[in-house]
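Hi,

Here is the structure I said I would pass on to you.

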Amino acid sequence: MRLLTRCALILVVLSAAPLCCGATVSERHVQPQGTSYSGILKVERFGNRDNRALVFIPALFCGSWQWNAQINKLSKEYNVVVTLPGFGGRPMVPGDDLMARAAESLHELIVTRHLRRPVIVGHSLGGTLAVYFAEHYPNDLTNLVTVEGGYPVAPTQPARDAAVKKSTAPYEGLPQAEVSAVARKQTLQHTITQKGDVETVEILAARSKPAAIVAWLQAALSLDLTPGLKRITVPFTAIIPFDPDIDPYQGFKTAAQKQDDYTRWVENAPDGKVVLITPSRHFVMFDQPQRFEQALETAISR
């Protein structure tokens, strides 16, 4: 990630726990320089605060460990890790409006810590939050990168509400001890290719609070952020994976169709671009780490 030198990193994550050996999910080789809070977000800091800031926001079930490879490569640079409430062993916060509160917390972080030329990078749930943030605080960032996040799950509100109901049902009232097994069955085995990576993430996902999973799914999947994309004037890159065995179940029969659909979506932003990586499932940073690093470097260099 040569072009990321002298940059700062920010991640929205779930936890930072030891990882299993032999998996593509990287071990973390550096320690945070400090831990603090910004609104509802927990912040871990790495590197040089005077350099450009990269804000990484992870997916549902994930913690800062999702971005360990990036943390390792930028250990001499500024890196902030933000943990969403309800994940990584943290209790869930009461109240609604999670997206608005998380975005406000990111805004507070950027303003009060004087983050320099922030780049926001989000995956899945994190990508949705990244797009939401960019639409509501367009002057806070200089570049936006999403990894299969932010795209509406359905074209109409009733269809999105149905998707929310289907996605949250397995976690409603679920005992904490059953989170890992349900997360694997419902999500992880379909979104990560390598068995070792599935097993690694399953262990880490077990710390997620069922109520938090439900609340964040409700907050993210119910949204259609398309109308607000016109407010994102900075370079916006959507990195999307495609897997011929999985994506047809999500409504994308071919890689070309998925790329075309996402291209039409990002074209609602003044400076939108799509990068397709295939074959890969949802967690492309684990499935295709080298190609993901290349795509991320190119996106940030815009």
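This is a predicted model: local features need pLDDT of at least 70, side-chain atom pairs count only at pLDDT 80 or more; totals for chains, interfaces and linings use all residues.

Searching the whole structure turns up eleven aromatic pairs. One of them is Trp 67 with Phe 292: the ring centres are 6.2 Å apart and the planes sit at 40°, so this pair counts as tilted. Trp 67 is in the loop between strand 4 (52-57) and helix 1 (68-73), while Phe 292 belongs to helix 10 (residues 289-301), so the pair ties together parts that are 225 residues apart in sequence. Both Trp 67 and Phe 292 are buried. Elsewhere, one aromatic cluster is made up of Tyr 151, Phe 236, Phe 252, Tyr 262 and Trp 265.

Now for helix 2 (residues 98-112). With 15 residues at 1.5 Å a residue, helix 2 should span 21 Å, and that agrees with its end C-alpha atoms, which are 21 Å apart. Its buried residues are Leu 98, Met 99, Ala 102, Ala 103, Ser 105, Leu 106, Leu 109 and Ile 110. Looking down the axis of helix 2, you'll see these buried residues fall within an arc of 155°, so they line one face of the helix. After helix 2 comes His 114, which has a positive phi, near 55°.

What about its packing with helix 3 (residues 125-136)? The axes of helix 2 and helix 3 are 10 Å apart, and the two pack at an angle of about 70°. Helix 2 and helix 3 are therefore roughly perpendicular to each other, and helix 2 passes helix 3 in a right-handed crossing.

Cheers

Conventions: Residues are numbered from 1 along each chain as its sequence is written. Side-chain values use heavy atoms; hydrogens and water are left out. Rings of Phe, Tyr and Trp (its six-membered ring) pair if their centres lie within 6.5 Å; planes under 30 degrees apart count as stacked, over 60 as edge-to-face and the rest as tilted. Helices (H or I, at least four residues) and strands (E, at least two) are DSSP runs, numbered from the N terminus. Buried means under 20% relative accessible area, exposed over 50%, partly exposed in between (1.4 Å probe, protein chains only). The expected span of a helix is 1.5 Å times one less than its number of residues. The arc is that of the directions from the helix axis to the C-beta atoms. Axes are lines fitted to C-alpha atoms, for helices over the stretch in contact, and angles run from 0 to 180 degrees between N-to-C directions. Angles under 35 degrees count as roughly parallel, over 145 as roughly antiparallel, 65 to 115 as roughly perpendicular and the rest as oblique. A crossing is left-handed if the near helix is turned anticlockwise from the far one by less than a right angle, and right-handed if clockwise.
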